[in-house]
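Please open the structure in your viewer and keep the selection tool at hand. The tour goes from stop to stop, saying what to select and what is there.

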Amino acid sequence: MDSRTSLPVVGMVGGGQLARMSHQAAIALGQSLRILATEPDDGAALVAADVHLGAPDDLEALRRFAKGCDVVTFDHEHVPGDHIRALAGAGVMVHPHADALHYAQDKRAMRERLDALGMAVPRWQPVAGAAEVAGFAAEVGWPVVVKAVRGGYDGRGVWVVDSPAALEPILAGGVELLAEERVPLHRELAVQVARSSYGQVAVYPVVESVQHHGVCVEVLAPAPLLPAERAAAIQQLAIRLATELDVVGLLAVELFDVSGRVLVNELAMRPHNTGHWSIEGARTSQFEQHLRAVLDYPLGECTLTAPAVAMANVLAADRAPAQSLDERLHHMFAAEPGVKVHLYGKRERPGRKVAHVTALGDDPAQVRARALRAARVLRDGTSGEGTGQGSGS
Ligand SMILES: Nc1ncnc2c1ncn2[C@@H]1O[C@H](COP(=O)(O)OP(=O)(O)OP(=O)(O)O)[C@@H](O)[C@H]1O
Ligand SMILES: [Mg+2]
């Protein structure tokens, strides 16, 4: 409890853009997020008043950080489960807890659990060497998707492999792997559900996410042309997962839409890129909802604030743009006065997510075009064709 405000103190491990936007939501709840950042210039460390520096796998740093927090939560998956158990054992309230978070940290454990729950996933198999991958490919066909069981994000740790020879550099990495069939996916969907420790759940509309080279570049809410009964079934699946896995906080479920069938791809237990649209596009943003859930406040409404919402990520260009970020921001505001921007306070390095923009409106195609145009202007100073997201990376 903060003695000055008589309101709770939430500690978030990780100082990236998710913590930065969670801090923004915390302010409205009368709070100020306590951040455990690795660097003083991490995006959240630049804006929060109560910043601790330390590595997420340093138990002593975690213990010092947790002291005085009412609840500790995460902006990433990098805190080892044993450290979370040690904190919980010492009386710290941690959400989500280690046993739940395990399924977001370990893709093999996640696949096994989803199999056990009877939820549809791509055909998969743990693999230890080239012979096993080749055997699996003989069943499902080349190419196969090989994934690092732990530590991957933004497509790092995911490889599309079309021959045994292509496996060599991956196997040389020495990390635990699994192989999956390459799903002939029609598109990718995602859904966020929040669950409080009391057990209340609140689920957002199902969205479509567009990925380039394994990185999310656009999110469309609600998912276009998704029949209401399919959307409801996906929301039910997310609620069931959050409940079965005993998640407290947000659960993001990434899905593949394969000609009308839905397969679960991945789980995350924190605010997620596919939920950024909710800051302006939903009655309660995913960041506020995560705070409410981990604090066991009643959850907020997830309803849309407009018929169509589009979010576009701004991935830094491969070559430094002629104009400064500040100049590009001027142009973006001039070109799209209705679009909202969130800059993450990060240096621009090729391909790095440095901001996102959100457009709202009545017509999904127009809203999408506005968000994309704004993201292009912010990325490289021009909205012209051929400079679009992903084209240069
Ligand atoms: N089995 C598959 N078949 C086809 N495409 C796939 C498959 N697995 C992954 N992909 C593609 O690669 C992307 C990244 O995969 P995945 O979500 O497993 O990796 P990640 O790097 O952990 O992602 P994140 O950044 O969301 O944590 C997916 O969004 C999808 O576009
Ligand atoms: Mg993913």
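A salt bridge here is a side-chain nitrogen of Lys or Arg within 4 Å of a carboxyl oxygen of Asp or Glu. This is a predicted model, in which local features need pLDDT of at least 70 and side-chain atom pairs count only at pLDDT 80 or more, while totals for chains, interfaces and linings use all residues. Residues are numbered from 1 along each chain as its sequence is written, and side-chain values use heavy atoms, with hydrogens and water left out.

**Salt bridges**

Begin by selecting D2 and R4, which form a salt bridge whose closest N and O atoms are 2.8 Å apart. Of this pair, D2 is buried at a relative accessible area of 15%, whereas R4 is exposed at 74%; buried means under 20% relative accessible area, exposed over 50%, and partly exposed in between, with a 1.4 Å probe and protein chains only.

Next select R292 and E288, whose side chains meet in a salt bridge at 2.7 Å, N to O. Both residues lie in helix 10 (residues 286–294), 4 residues apart, about one turn of the helix; helices (H or I, at least four residues) and strands (E, at least two) are DSSP runs, numbered from the N terminus. E288 counts as buried, with 19% relative accessibility.

Then move to D380 and R379, a salt bridge with its closest N and O atoms 3.5 Å apart. Here D380 is partly exposed at 21%, and R379 is buried at 5%.

To see a network of salt bridges, select D106, R108, E112, R150 and E176 together. The whole structure holds 26 salt bridges.

**Two helices**

Now show helix 4 (residues 98–105) and helix 5 (residues 107–116), whose axes come within 6 Å and cross at roughly 105°. Axes are lines fitted to C-alpha atoms, for helices over the stretch in contact, and angles run from 0 to 180 degrees between N-to-C directions. The two helices are therefore roughly perpendicular to each other, a term that covers 65 to 115 degrees. Their contact (heavy atoms within 4.5 Å) is made by H102, Y103 and Q105 of helix 4 and K107, A109, M110 and R113 of helix 5.

Finally, display the open sheet of 4 strands, which has the order 3-2-1-4 with parallel pairing; two strands pair if DSSP finds at least two bridges between them. Strand 3 (50–53) and strand 4 (71–74) are the edge strands, each pairing on one side only. Within the sheet, 3 bridges join strand 1 (residues 10–13) to strand 2 (residues 34–37), and selecting V13 shows it opposite L36 in strand 2.

Notes:
Chains lettered and ligands numbered in written order. Parallel < 35°, antiparallel > 145°, perpendicular 65-115°, else oblique.
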